[in-house]
Number of protein chains: 2
Amino acid sequence: MMNNNNHLVNLNPHLKKYDEDTLFHIGFSSAQDNLPEMFGDVKFVCMGGTAGRMRKYSEAFSRELEVEWTDYTKGERYGIFKAGPILCISHGIGKPSASIVLHEVIKLVNYAGCQDVVFIRMGTCGGINCEAGTVVVTNKALDEMLKPEYNLHVLGKLITRPTQLSQELAEDIISCKPSSNNFSIIRGNTLCTSDFFEGQARLDGAFCHYEEEDKMEYLKKVRDAGVRNIEMESAVVAGLCNAAQIKAAVVCVTLLDRLKTDQITLTHDQLSNYEKRPMDVILAYVSKKLGKGRKL
Amino acid sequence: MMNNNNHLVNLNPHLKKYDEDTLFHIGFSSAQDNLPEMFGDVKFVCMGGTAGRMRKYSEAFSRELEVEWTDYTKGERYGIFKAGPILCISHGIGKPSASIVLHEVIKLVNYAGCQDVVFIRMGTCGGINCEAGTVVVTNKALDEMLKPEYNLHVLGKLITRPTQLSQELAEDIISCKPSSNNFSIIRGNTLCTSDFFEGQARLDGAFCHYEEEDKMEYLKKVRDAGVRNIEMESAVVAGLCNAAQIKAAVVCVTLLDRLKTDQITLTHDQLSNYEKRPMDVILAYVSKKLGKGRKL
């Protein structure tokens, strides 16, 4: 029943030995689901933190692009929605959570026979030296040592994957800047951490063994490495998409400027407004790619 | 407005400078919510992957212990439910996601003035050398190098926290073995990884650069280190609870034996049945601690 997708077999030669591959966390089977029929037309995989946000994004894509909308969510770990050629999937918080989705979705699009798929993470983040509400398109994802690397222990050994994202795709996205926008879209490096509090030099976690000046010294080093925002998933999106030779982008909106504060104190309306901005940018990009006028 | 909780101030001396601490991801404020009134009676914080599972667990606790049930979930990142003295919170997948909840909940129980709180993670996992459906109570959480450590980069430097869990609590939990049980409860070390596929030596991820024999060699090394199960959050639960001097336990049910297979192919009914087992064990433990007969 396994389809012969040469690209996938190149990724992991063991997969050709399986009669059935159960994509446990997203709830599909390579043998029991007709993945080419369900997902063969997918051209864009959009990912973000929560299922609710990805549902809203997918509904907006469906409405604005006048394409069919389907809720493919099974189980409750990850939300999966399809709006025509756009698959919208939640990845939770952090690299380990996003890694599971990426492995299973990379297999999914390969089993489905999708061609020239682009992966885009649309998220929220902290900003560095830019006002809240700025949209940052990532050049490179940097780790806490400011290296452009996604590091992972495999069989007890550290392996490293590069986290440079497609410059072409980033430029393409920036050039489609939605005409209605009233916010800045900038490019910059993104610091990707494994922790929100201590890992991002916050003073307001349950623990903090350093002082304000240590925090500022680190954040200025971060700024000087060309970092404009901080989040927790870009490195694994970049690392695994690079490994799969999939073009990827990371487009996040800042909720605060970390050079000024640690606490996120936006009102519900501000937060909703900011959270729509990455979608607004990607809707403009997808509309252009699909040759559709944007109606927003 | 900040309450004077000396324990918390010892954890992070900076917190006393804030008039208000916004616990952004779980949706509470130290100044705007009356946390002592809402949560002052909490004695057990139970954590697990998904909001739906934590809702079910909390409903069962409420029903079986005849205590009041409240849904405190705000936003959609983490589900929060209270069943009398038991707070049930979802933590998502992976150490970074669980770390956020732990920081905010450790602050919450401190602001609420809770005394002698115990934290328990109740999850699912892969097994090592034990049949699917076995409940494993963790001794130590080990990292991929098989060290009992939770490692984190803070200000660009690696810091390490020990991940030995309370032996007394583990023994207490094991001794309350529910009389109705038809499954094994064992103790063992837990391998805590940052990735589900390559990080756990699976052959069925989107990528795999090693062979079956390399996988088995690593998993046997893991087994020889006293590991009976593999999951993705125990190290941060242990590391942060140790840092906060909170007694903690990790109680997980195995969904497969990794020495035999990589794929989870349980039916929905088997999965539901297995997922109830950690709750069954903790319900027996909590019932005894509260001096209530267990009615299941």
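Trainee: Which residues does A:Arg121 touch, leaving out those up to four places away in sequence?
Mentor: This is a predicted model, to begin with. In it, A:Arg121 touches A:Met47, A:Gly48, A:Gly49, A:His91, A:Glu231, A:Glu233, A:Ser234, A:Val237, A:Ala249, A:Val250, A:Val251 and A:Cys252.

Trainee: What does its side chain do with A:His91?
Mentor: The side chains of A:Arg121 and A:His91 make a polar contact, at 3.2 Å.

Trainee: Is A:Arg121 buried or exposed?
Mentor: A:Arg121 has a relative accessible area of 2%. The cut-off for buried is under 20%, so A:Arg121 counts as buried.

Trainee: And where is A:Arg121 in the fold?
Mentor: In strand E7 of chain A, which covers residues 118–127.

Trainee: Which residues does UniProt list under "binding site"?
Mentor: The unreviewed UniProt entry places that feature at A:Arg77, A:Arg121, A:Met122, A:Gly123 and A:Thr124.

Trainee: Where does A:Arg77 lie?
Mentor: A:Arg77 is in the loop between strand E4 (69–71) and strand E5 (80–83) of chain A. A:Arg77 is partly exposed, at 26% relative accessible area.

Trainee: What does A:Arg77 touch?
Mentor: Setting aside residues up to four places away in sequence, A:Arg77 touches A:His25 and A:Ser90 in chain A, and B:Gly49, B:Thr50, B:Arg53, B:Ile93 and B:Thr124 in chain B.

Trainee: On to the two chains, then. How many residues are in contact?
Mentor: 70 residues of chain A are in contact with 70 residues of chain B.

Trainee: How much area do they bury?
Mentor: About 5,900 Å² between them, with 62% of it on carbon and sulfur atoms. On the chain A side, A:Ile93, A:Leu155 and A:Phe207 supply 13% of the area buried against chain B, more than any other three residues.

Trainee: How many salt bridges are there between the chains?
Mentor: Two. One of them joins the side chains of B:Arg161 and A:Glu198, at 2.7 Å from N to O.

Trainee: Which element gives the most to chain A's side?
Mentor: H4(A), with nine residues. Other elements giving two or more residues include helix H3 (51–65) and strand E9 (149–154) of chain A.

Trainee: What sort of residues make up that side?
Mentor: They divide into 32 nonpolar, 20 polar and 18 charged.

Methods. Residues are numbered from 1 along each chain as its sequence is written. Chains are lettered from A and ligands numbered from 1 in the order in which they are written. This is a predicted model: local features need pLDDT of at least 70, side-chain atom pairs count only at pLDDT 80 or more; totals for chains, interfaces and linings use all residues. Side-chain values use heavy atoms; hydrogens and water are left out. Contact means heavy atoms within 4.5 Å. Buried area is the accessible area (1.4 Å probe) that two parts lose on being put together, summed over both. A salt bridge is a side-chain nitrogen of Lys or Arg within 4 Å of a carboxyl oxygen of Asp or Glu. Helices (H or I, at least four residues) and strands (E, at least two) are DSSP runs, numbered from the N terminus. Ala, Val, Leu, Ile, Met, Phe, Trp, Tyr, Cys and Pro count as nonpolar, Asp, Glu, Lys and Arg as charged, and the others, Gly among them, as polar. UniProt positions are given in the numbering used here, feature names are shortened, and annotations may be inferred rather than shown by experiment. Buried means under 20% relative accessible area, exposed over 50%, partly exposed in between (1.4 Å probe, protein chains only). A polar contact is a pair of N or O atoms within 3.5 Å; within protein, one must be able to donate a hydrogen and the other to accept it, and residues adjacent in sequence count only if both atoms are side-chain atoms.
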